[in-house]
Amino acid sequence: MKAIRTAFYTLCFAVLLMVPAFASYVDPSVTTFAIQAVVSVVVVAGAVIGVVWRKAKEKAMNALHIDENAGKEVEDDLVVFDETKPEGEAAPEAAAETAAAQE
């Protein structure tokens, strides 16, 4: 009888001290979605900070009358065409003269 009473008290004590667990299963797809959300927030924050920094720098340079390109050298855009032909190929003028001479 004492063993039954001890078992009953233990069961009642265990039931009174139970705490419900409000846990839920986290699916792997939910984890992937959370990672995508965090990464997108970081990328957008970086872009916004970059744009704001560039605009603030430009306004500060204009207010202080500082020219960012003052000490830079600008080279001319030169385009060089090499009209020499490799050996074995005749220049177009020479080919025209040869064709006229054969006629």
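Helices (H or I, at least four residues) and strands (E, at least two) are DSSP runs, numbered from the N terminus. This is a predicted model, in which local features need pLDDT of at least 70, side-chain atom pairs count only at pLDDT 80 or more, and totals for chains, interfaces and linings use all residues. Residues are numbered from 1 along each chain as its sequence is written, and side-chain values use heavy atoms, with hydrogens and water left out.

**View 1. The protein chain holds three helices and zero strands.** The order from the N terminus is α-α-α. Of the 103 residues, 0% are buried (under 20% relative accessible area; exposed is over 50%, partly exposed in between; 1.4 Å probe, protein chains only). The chain exposes about 10500 Å². Carbon and sulfur atoms supply 65% of that area. Accessible areas come from the Shrake-Rupley method with a 1.4 Å probe; for residues, only the protein chains shown count as cover.

**View 2. Phe8 and Tyr9 form a tilted aromatic pair.** Rings of Phe, Tyr and Trp (its six-membered ring) pair if their centres lie within 6.5 Å; planes under 30 degrees apart are stacked, over 60 edge-to-face, the rest tilted. By this rule the count is one aromatic pair. Phe8 and Tyr9 sit 6.1 Å centre to centre, with 50° between the planes. Phe8 is partly exposed, because its relative accessible area is 49%. Tyr9 has 52%, so Tyr9 is exposed.

**View 3. Leu11, Val15 and Met18 form a nonpolar surface patch.** Patch residues have over 30% relative accessible area and no salt bridge; like charges are joined within 9 Å, nonpolar side chains (Val, Leu, Ile, Met, Phe, Trp, Tyr) within 5 Å. A salt bridge is a side-chain nitrogen of Lys or Arg within 4 Å of a carboxyl oxygen of Asp or Glu. Together, Leu11, Val15 and Met18 have about 330 Å² of accessible area. Leu11 lies in helix 1 (residues 2–16). Leu11 is exposed, at 54% relative accessible area.

**View 4. Glu73, Glu75, Asp76 and Asp77 form a negative surface patch.** Lys and Arg count as positive, Asp and Glu as negative; His and the chain ends are not counted. Each charge is placed at NZ of Lys, CZ of Arg, CG of Asp or CD of Glu. Asp77 is in the loop between helix 2 (28–63) and helix 3 (92–102). Asp77 is exposed, with 76% relative accessible area.

**View 5. His65 has a positive phi.** Most residues other than glycine have a negative phi. For His65, which is not a glycine, phi is about 55°. His65 is in the loop between helix 2 and helix 3. With a relative accessible area of 73%, His65 is exposed.
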